[in-house]
Amino acid sequence: MRGRLITLEGVEGVGKSTLLPVIKEFLIEQGAEVVHTREPGGTELGEQLRDVLLNTDQEIVPKAELLLMFAARAQHAEKVIAPALAEGKWVLCDRFTDASFAYQGGGRELGAERIGIIENWVLEGLNADLTLLLDATRETSLERTKKRRELDRIETEGDEFFARVKLAYLDRAATYPDRIKIIDANPDFETVANSVRAQLTTSCGQWLDAAVET
Ligand code: TMP
């Protein structure tokens, strides 16, 4: 039986990295074999492209940024995600295509239409089965990013950029309500973790039961 692709999304500072282990642990407890990966990244080439995308000092024009994200994704999808799903594994991916619609489509104002064309060509129908979108106020996000290491190339963008990113994410969630579930990420860690577990139970319960039975 084919595995499932679960993706986690949200603007920086919403608490993605603290919640990933919660999701992974939940899936493993339910008997799933989990491959935990990330974008941009997840392959040797993808990690090299991530380095270029996030750590370079040079300007990267929006179209180049979009294509580099999809170059990393093409390698990741074909070499890691699709084979794992075919083996019945569950793939937990820290960001996926929705991030391109939010950051490049919204943040960089490239729009959704051309991204959809590239997505269809690169992924050939591969899509997340469930996407958890962590949503917090800008104040909460800023408070959390303040505690971090040095900011990367994208994290140094301003409020207007992140407002557009958030809007594009919410727009995706409104367009795909069956797949994208919004989680209120403003409360404390334990409260958000409980919301995440509750959503996973609702959305994945049947898939997990079927996977364990086979
Ligand atoms: P993160 O995984 O540590 O959150 O960092 C990845 C950064 O890359 C984050 O700022 C979002 C950005 N990004 C895009 O702009 N487009 C994409 O398609 C993906 C996957 C990530």
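**Figure 1. The loop that holds P40.** In this predicted model, P40 is found in the loop that runs between strand β2 and helix α2 (44-55). The peptide bond leading from E39 to P40 is cis, and its omega angle is near -10°. In general, most peptide bonds are trans.

**Figure 2. The pairing of β2 with β3.** Strand β3 comprises residues 90-94 and pairs with β2 in the parallel sense. Five bridges join β2 and β3. Within this pairing, H36 stands opposite L92 of β3.

**Figure 3. K89 and its surroundings.** K89 has its place in the loop between helix α3 (62-86) and strand β3. The side chain of K89 makes a polar contact of 2.7 Å with the side chain of E87. When residues up to four places away in sequence are not counted, K89 touches G3, R4, E33, V35 and A84.

**Figure 4. The residues around the ligand.** There are 14 residues around the ligand, and of these E12, R73, R95, S100 and Q104 come nearest. A polar atom in the side chain of R50 lies 3.2 Å from an oxygen atom of the ligand. For R95, an N or O atom of the side chain is 2.9 Å from an oxygen atom of the ligand. In the side chain of Q104, an N or O atom is 2.8 Å from a nitrogen atom of the ligand. On its own, the ligand has 480 Å² of accessible area, of which the protein covers 94%.

**Figure 5. The backbone at R95.** R95 lies in the loop between strand β3 and helix α4. The phi angle of R95 is positive, at about 75°, although R95 is not a glycine. In general, most residues other than glycine have a negative phi. The residue shown here is also among those that come nearest to the ligand, R95 being listed with E12, R73, S100 and Q104.

**Figure 6. The aromatic pair of Y103 and F161.** A search of the whole structure finds four aromatic pairs. In the pair shown, the ring centres of Y103 and F161 are 6.2 Å apart and the ring planes stand at 55°, so the pair is tilted. Y103 belongs to helix α4 (residues 97-107) and F161 to helix α7.

Definitions and conventions: Residues numbered from 1 in each chain as written. Predicted model: local features only at pLDDT ≥ 70, side-chain atom pairs only at ≥ 80, totals over all residues. Heavy atoms only, no water. Pairing = 2+ DSSP bridges. Helix = DSSP H or I, 4+ residues; strand = E, 2+ residues; numbered from the N terminus. Near = heavy atom within 4 Å. Polar contact = N/O pair within 3.5 Å; in protein donor to acceptor, adjacent residues only side chain to side chain. Areas by Shrake-Rupley, 256 points an atom, 1.4 Å probe, with all protein chains shown as cover. Contact = heavy atoms within 4.5 Å. Phe/Tyr/Trp six-rings, centres within 6.5 Å; stacked < 30°, edge-to-face > 60°.
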